[in-house]
Each structure stands twice: as C-alpha cells, then as structure tokens.
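User: I'd like to go through this model and check the labels against their cut-offs. Here it is.

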Amino acid sequence: GGPAVLPEDAAFLERTLASLVLPMPRYGDATLAKLLNNALAAYNALAFGGAVELAAGAALALPATAELLRHGSGGSWMADAFAGLVDDLLAKDAALLAAELGPLPTIDLGDPEALPPALARARALLGD
C-alpha cells in the first residue's frame with residue numbers, strides 16, 4: 001500500500017511473504033483493494049453460512065452437505081476455513097470499506113431475474 005517498489009523488492013516479497021505482488025497506480029489503492037478482497041471473503045463466508053442454515057432447515061445431513069458445499073462448484077477458500085474465521089476482523093474490514101465507498105451491495109437470490117443482469121454488468125466492467 002505504499003510507494004512503488006523496485007523489481008528486486010517485488011521478487012523478494014514474492015519469495016518470502018506474498019504469492020503475488022501487483023503494482024497499483026495510486027497510493028492507497030492497494031489498501032482499498034485489500035478491503036474489497038476481505039469484504040468478498042465476508043460475502044463468501046455469509047453465503048456458506050446461509051447455505052448451511054438452509055440445509056439444516058431442509059433436514060439434510062449437515063456433515064455430508066457441508067462437504068459437498070466445500071468441494072462443489074460453489075466452494076471457496078472461505079468455506080474450507082469457515083470454522084476458524086476471525087469474524088470480527090471480517091466485519092471490521094467490511095465496515096472500513098463501507099465508510100470509504102458508501103453502502104455495500106446486498107445480495108438477494110430471491111429474485112432470479114436480477115442475477116443475470118448483475119453478472120453481465122460485472123463482466124462488462126472486466127471486459128469479459
């Protein structure tokens with residue numbers, strides 16, 4: 001999140017601390033990107049928790065269903081690490097992001113017609 005680093009510094013970071021070092025064009029962008037990543041982690045954790053609650057309400061076998069959720073197409077690192085999450089840190093970073101950018105998007109899968117256009121907007125922003 002600080003000043004630009006030399007290529008050899010980036011290589012050192014990738015060898016020792018980080019799996020990936022990405023240059024950001026403006027000072028502070030890396031911090032904002034980190035908050036976005038942690039907010040996405042919180043969304044993923046909430047989605048996994050919600051799916052577990054739905055499974056319990058449907059009287060599904062929770063151990064087997066949770067395993068399927070972790071390894072199926074909806075799985076994520078957050079689902080794998082769910083038991084050991086530091087919930088208050090996820091909440092703190094989400095609150096910091098909201099303070100910086102304003103209200104965060106809510107996700108409601110109850111309106112199936114809203115999903116395709118929302119995904120299309122994000123794909124267009126990414127140029128996909």
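User: Which helices each supply at least two residues of the lining of the largest pocket?
Analyst: Those are α2 (29–57), α5 (87–101) and α6 (115–126), with α2 giving the largest share, eleven residues. Helices here are DSSP runs of H or I with at least four residues, and strands are E runs of at least two, numbered from the N terminus. One caveat: this is a predicted model, where local features need pLDDT of at least 70 and side-chain atom pairs count only at pLDDT 80 or more, while totals for chains, interfaces and linings use all residues. Residues are numbered from 1 along each chain as its sequence is written, and side-chain values use heavy atoms, leaving out hydrogens and water.

User: What makes a set of points a pocket, and what makes a residue part of the lining?
Analyst: On a 1 Å grid over the protein atoms alone, a pocket is an open set with protein on both sides within 12 Å along at least five of seven lines, whereas in a cavity a 1.4 Å probe fits but cannot get out; lining residues have an atom within 4 Å of a point. The largest pocket holds about 1,300 Å³ of space. Its lining has 34 residues, and the closest to its centre are Leu40, Tyr43, Asn44, Ala47 and Ile107.

User: Why is Thr65 called buried?
Analyst: Buried means under 20% relative accessible area, exposed over 50%, and partly exposed in between (1.4 Å probe, protein chains only). Thr65 has 16%, so it counts as buried. Thr65 sits in helix α3. Beyond its neighbours within four places in sequence, Thr65 is in contact (heavy atoms within 4.5 Å) with Ala55 and Leu60.

User: And why do Ala59 and Ala4 count as exposed?
Analyst: Ala59 has 68% relative accessibility, over the 50% cut-off, so it's exposed. Ala59 lies in the loop between α2 and α3 (62–71), and has a positive phi of about 60° although it is not a glycine. Ala4 has 81%, so that one is exposed too. Ala4 is in the segment before α1 (7–16).

User: What makes a group of residues a nonpolar core?
Analyst: The residues must be buried Ala, Val, Leu, Ile, Met, Phe, Trp, Tyr or Cys, joined through side-chain atoms within 4.5 Å. The largest such core has six residues: Ala41, Ala42, Ala45, Met78, Leu85 and Leu90. Helix α2 gives the most to this core, three residues. Not counting residues up to four places away in sequence, Leu85 touches Ala45, Met78 and Leu90.

Conventions. Points joined across faces, edges and corners; volume = space filled by probe spheres on them.
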